[in-house]
Amino acid sequence: MMKAIKYISTALFIASFSLSAQAQVVKKRTDNDKGKQKSEQVSERLQARFEQKKASDSDLQWQRIIYRSLDLNKAENMPLYYPEEPGADGMNLFFIIMTHLADNSLTAYEYLDGREMFTDEYKIKVSDMFDRFHILYAKAKGSSEKNPKYTVENADIPANEVLSYYILEKYEFNRLNSKVTRKVDAICPVLHRSDDFGGEAIKYPMFWVKMEDLRPHIVHQYVFTDNDNNLLKTNLDDYFANNNYKGEIYKYKNLRNLSMMQMFPDETKRKHAQDSIEKRLASFDANIWVPTREELQEMAAKRDSIEAAKNPELNADNKAKESKSTPKTKRGEKKSNNKKSEAKPKKSSTKVSKSSNVTRSVRRR
């Protein structure tokens, strides 16, 4: 009996030792595993952007909200319109937005004309938006009330009618980095549709999409930014982050919620107001700091060169006047002038001597 117990205990000990040894075995990574791990990693640029600490309201010292209109006919904004249809070069921005809205992987909000509220209360129903703009759709497989999904054919997406975008920009100065940051906070596609009788197309703002919600869907879409280089090197996320677009200010946040058109009906005055806002936004960061002595000298030299370029005739006249005001004299004239100048102190000395005699006679009396 004792021998059987010993055999059983030794067998259990050997079994437990073998299990622990198997648990400590480390599987060697293969090349496929390494490649998979690299593909799943986020790029350093994206990682730095997402890891960057967001400025809280207490850190913000100044903020300006600007609304811009991006005309897709301009060369700087064409990467948002092309390619017109999905293909080998990917798809344009509106196709990306509509695809993910139909798949319920993106949220859209109501267009409130300057009083945007990105809350659950103002989320739009995708089916209602499709009906409002007459876009054909069908329910997709796996769709439910809590998770509605739709399918839309590419031919039914009115990408050719989206000829402009509204963007909401935020200029912020915070004390964390002591810099003015410019970022796109939201974007709104605008339909350009004419009625049955033709005429000028009417603009229909569709909805707002927050850029932070859209960023994961556009970070892998590369676009052309230069016709001379056919390599796709810039993605849509970098396109907005680097402010490669060009748009005019049609509104800025104000108490009365008025647009630039309402505040300045005259086109000339409106253009002047837009230019002044652009200059203030561009020079705000520079005006915070006191310029150094070298910078002041450089600015003065630039001003002088600009004035000289504007008035070349004036500079020629000034040089001629300077040359006339300092005429050349002969050697004899210089000597005569020197003699006259030497004779002057002698007269002054005689006067002094006379005055000295007068004072002495008064003292003797």
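This is a short walk through the structure, one selection at a time.

**Before you start**

The model is predicted, so local features are described where pLDDT is at least 70 and side-chain atom pairs where pLDDT is 80 or more, while totals for chains, interfaces and linings use all residues. Residues are numbered from 1 along each chain as its sequence is written, and side-chain values use heavy atoms, with hydrogens and water left out.

**Stop 1: the whole chain**

Show the chain as a cartoon. You are looking at 12 helices and 10 strands. Helices (H or I, at least four residues) and strands (E, at least two) are DSSP runs, numbered from the N terminus. The chain has 365 residues, and 27% of them are buried. Buried means under 20% relative accessible area, exposed over 50%, and partly exposed in between (1.4 Å probe, protein chains only).

The accessible surface comes to about 27,100 Å², and carbon and sulfur atoms hold 52% of that. Such areas come from the Shrake-Rupley method with a 1.4 Å probe; for residues, only the protein chains shown count as cover.

Taking contacts between residues at least 6 apart in sequence, 62% join residues at least 24 apart.

**Stop 2**

Select residues 93-102, helix H4, and residues 211-218, helix H6. Two packed helices are described by the angle between their axes and the distance between the axes. The axes of H4 and H6 come within 11 Å and cross at roughly 105 degrees. Here, axes are lines fitted to C-alpha atoms, for helices over the stretch in contact, and angles run from 0 to 180 degrees between N-to-C directions. H4 and H6 are therefore roughly perpendicular to each other. (Angles under 35 degrees count as roughly parallel, over 145 as roughly antiparallel, 65 to 115 as roughly perpendicular and the rest as oblique.)

Which residues in H4 meet H6? Show the side chains of Leu93, Ile96, Ile97 and His100; their partners in H6 are Leu214, His217 and Ile218.

Stay in H4 and pick Leu101. Is Leu101 buried or exposed? With 2% relative accessibility, Leu101 counts as buried. Beyond its neighbours within four places in sequence, Leu101 is in contact with residues including Val126, Met129 and Phe207. Try the distance tool on Leu101 and Lys149: they are 48 residues apart in sequence, with 8.5 Å from C-alpha to C-alpha.

**Stop 3**

Move on to Asn104, in the loop between H4 and helix H5 (126-132). Its phi is near 65 degrees, which is positive in a residue other than glycine. Asn104 is partly exposed, at 34% relative accessible area.

Glu121 is in the loop between H4 and H5 as well. At 66% relative accessibility, Glu121 counts as exposed. Its C-alpha is 9.5 Å from that of Glu110, 11 residues away along the chain.

**Stop 4**

Select strand E1 (residues 60-71) and find Leu70. Leu70 is buried, with a relative accessible area of 0%. Among the residues Leu70 touches, not counting those up to four places away in sequence, are Leu80, Leu163, Ile167 and Tyr245. Leu70 and Ile167 are 97 residues apart in sequence, yet 7.6 Å separates their C-alpha atoms.

Next, find Asp185 in strand E5 (residues 179-195). Asp185 counts as buried at 16% relative accessibility. Leaving aside neighbours within four places in sequence, Asp185 is in contact with Phe118, Leu168, Lys170, Lys210 and Met211.

Then go to the loop between E1 and H4, where you will find Pro83. A cis peptide bond joins Tyr82 and Pro83, with omega at about 0 degrees.

**Stop 5: aromatic rings**

How many aromatic pairs does the structure hold? There are 12. One of them is Phe240 with Tyr245, a tilted pair at 6.1 Å centre to centre and 45 degrees between the planes. (Rings of Phe, Tyr and Trp, the last by its six-membered ring, pair if their centres lie within 6.5 Å; planes under 30 degrees apart count as stacked, over 60 as edge-to-face and the rest as tilted.) Phe240 and Tyr245 are both buried.

For a group of rings, select Tyr67, Tyr111, Tyr166, Trp208 and Tyr250, which form one aromatic cluster.

Finish at Arg64, whose charged end sits over the ring of Tyr252, 5.1 Å from its centre. A charge sits over a ring if NZ of Lys or CZ of Arg is within 6 Å of the ring centre and within 35 degrees of the ring normal.

How values were computed:
Contact = heavy atoms within 4.5 Å.
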